[in-house]
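Here is a short report on side-chain contacts. Please view the sequence and the structure first.

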Amino acid sequence: MQGTVSLRSVHGKYLSAQPDGRAEWNRDVANAWEYFHIEERPGGKITLRGAHGKYVSAQHDGSVQINRDAAPPGGWEEFTAELRDNGVVCLKSCHGKYLSAQQNGTAQWNRDHAPRGGWEDIQIVNQGGTGQQQPATTTASMPSYVIVAQAGSSEVNGNYEFVPGKHENRHWGTIAGHYQHTQNPEIFIAFQDCGSAHQRPEWNKWMIISKIGVLYAAHTGGKIGVPPREGGWETVDSWGNPGAPGGKHPAPTLYHPAEATTKIQERAPARWQESIEILEAVPDKPVRFKINNPPNHNDAWVGIYPTGAPDQDHGAHNQRWKYIRDIDANNVSLSNGGRAEGDWNIRVFSDGGFTLVERKDFTIHSAHNKPHGESPFPAAASTSHHTTQTVASQPLDETAEKPGRGRIGFAALFGIFLMLPGLPLLIIGTGSTGEDNLGMIIPGAILTGVGAFLAVGSWFVFISSRTRSNAESGKPAPRWIKFAAVFAVLLLIPGVTLLVIGSISVNSFVVQSENNATLEILDVDDMGDQGFIIFIEAVLEDSDNNGIYDHCENIIVNATHSGSWMSDPWTGYQKANPSDESRQVFELGECESSNPVEHKHPEGRNLIKMGQACHGCMKGTTTISAEYSDGSKAAVMWIQDGEEVIGAIGMIIGGSIMTGLSSIALISLLMIWGGSRHRKKEGSQKSSIDILEATTNKGVYFRINNPPTSNDAWVGIYPRGGEDSDYGEESVRWHWLRDIDVNKARFYEKSEGRWSIRVFSDNRFTLDSQDDFEILPKNDQWWKD
């Protein structure tokens, strides 16, 4: 390593020596100040002398100065040169630190390590050169032709023949030698050498080009002289360049046919390896994957995206995207933000912008969408070299855990936990009077309301998920549906009964149309009685507008009790008191005209709640009378037993809960049953099955008419009514359609009984057709001789 060179960083900038001794690493082009003379010294050491005759010096504080007149052996002006591939070198100072080019255009000599592709990599560009170094390892053979398939823009699909040495600069400065579409000469595949044209070798790429511009691309990781990448290519609509309008999604897959001869060397093309390999992608966990041959740019990064999302929607750093320099490329982990199921893709960008070099599409399926733990791929089976991959979840059975099931269950249990104290507080508070009842009603209502919302909401989320699962997968309704429906009906009958009885009882009266009443209180628990609720037949009005209802001013109610009584009943401070027949035991109800008053309308009458008598009274006789204050007429009372009203309210609440739960259960069961009755229509029932023979000694022969065209379509034999997920062993209970003669396929099942053959259009449970039949002993087949 000797002579005059320039030093280009991974940011594409040249180091420049300033006359005042400063170092600036921000030049786009190498002119006089950007060239340095290299002097080799023993032990792999070198010195660098700038255009002003001064030596580069590594300071102890990590700064870089270019102001030394001499470079003594072993001094701060002598550096160890660690050579790497492609003309890249790393420089280490006598302080043990590496020279690093910062993104802001400064230079620092303070790095402990020099990872490949990092800011410590320096491209040595000889004076007069372009800096595009071409290692021998990049030169590979060109297949005589390639095949493009599965592109969203179908016109690019087909065979391409290699045409060496022609059509240089046909588009975007592409080099001579390209692949020409054999059916459509307007479409070709050409290579762009961005290292020579733009000093950005990381942009090097093959492109599929039509008359409208670039449609698809495949970057080469800075290499030149390599054939078009075999496997998945990239879409280019995110470039935002008018010359690259981009083709339709998905991007194509390119194949190197095994029989294709080579045009440059005799060596056959290397076996294709996926640039991104999905290691694990299951619901509720980060996606793990491996990047083969990652870009060596210090700002290269990788992100996870929902399919169809723009590159700019990259989410949060260290969650949905990471710098490649900060990860282990053999075991990368990215979070999809808790959104488990659906179509996703991994995108690798070669710089700090959005220059896409690799992309991998894949799908995260919920457990109910997968016939096998790894979809129905046998252990030794291989998949086509395609950018879309179906990713495994866990092995499926009827009890497999569904995504989000744990969260739904937790929400439901938490809701029930809130309702357990809430309901008693609400019931007791509603039936009590005095200052403490609101202290029970308000928290009881809050706890019951929130708990019911969580419990019922979680239940409907679960049912909706189950219904969608059955509708998409075509599963029959679970057997427990029938038993659950019977239980729901059995719960509904007493619930409705209690609701009806409670509704009648809460409006019943022990005294009707009387102005005097004598009633007995038994108080069997010696805790005090709820007493009696008194209604007056009157009109609710405030005729003199004094803010007091007329019935409170004009009607006088008196009540006395012969027995003992309980003060502050059921509060924890209750106290039994001796009998006092002179004590007024009537409590007037709401009288302010701004407050609502309870109404009842038995037999078309208008009754207004006047108040309550003998609340807290113990065993004894209660006498109640009512009269108008002016004596003009008798006041007619309708009296309810408070204990019976409380009991009726309890029946209404209990009946409402039982009726509500059973109704929700029945609706939910009907949803599940309905979902299982309607299989997903899209792409379904396109094929048909003819049973050719089904006997106990020969197995089952059948024909599939108009079978699905998917490479992952499969067929299985099931006991009639069996779950789709109970597919059994390959080649015994199920086959890939690609592996059998669909005109005379066979299963070796020989046992008698009712069976079902089902054809699925993909590697999941999307049912395409089904035929139910019976396997009979040959002597029972009356239609045969």
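The text below covers aromatic pairs, charges over rings and one histidine.

This is a predicted model: local features need pLDDT of at least 70, side-chain atom pairs count only at pLDDT 80 or more, and totals for chains, interfaces and linings use all residues. Residues are numbered from 1 along each chain as its sequence is written, and side-chain values use heavy atoms, without hydrogens and water.

**Aromatic rings.** The whole structure holds 22 aromatic pairs. Rings of Phe, Tyr and Trp (its six-membered ring) pair if their centres lie within 6.5 Å; planes under 30 degrees apart are stacked, over 60 edge-to-face, and the rest tilted. Trp714 and Tyr727 form an edge-to-face pair, because their planes stand at 90° with the centres 6.4 Å apart. Trp714 belongs to strand E43 (residues 714-719), while Tyr727 lies in the loop between E43 and strand E44 (734-736), 13 residues apart. Strands (E) are DSSP runs of at least two residues, numbered from the N terminus. Both Trp714 and Tyr727 are buried (under 20% relative accessible area, 1.4 Å probe, protein chains only).

**Charges over rings.** Here NZ of Lys or CZ of Arg must be within 6 Å of the ring centre and within 35 degrees of the ring normal.

| Charged residue | Ring | Distance to ring centre |
|---|---|---|
| Arg347 | Tyr305 | 4.0 Å |
| Arg738 | Trp736 | 4.3 Å |

**His256.** His256 sits in the loop between strand E21 (253-255) and strand E22 (276-280). His256 is buried, with a relative accessible area of 13%. A polar atom of its side chain lies 2.8 Å from the backbone oxygen of Pro228.

Terms used
Helices (H or I, at least four residues) and strands (E, at least two) are DSSP runs, numbered from the N terminus. Buried means under 20% relative accessible area, exposed over 50%, partly exposed in between (1.4 Å probe, protein chains only). A polar contact is a pair of N or O atoms within 3.5 Å; within protein, one must be able to donate a hydrogen and the other to accept it, and residues adjacent in sequence count only if both atoms are side-chain atoms.
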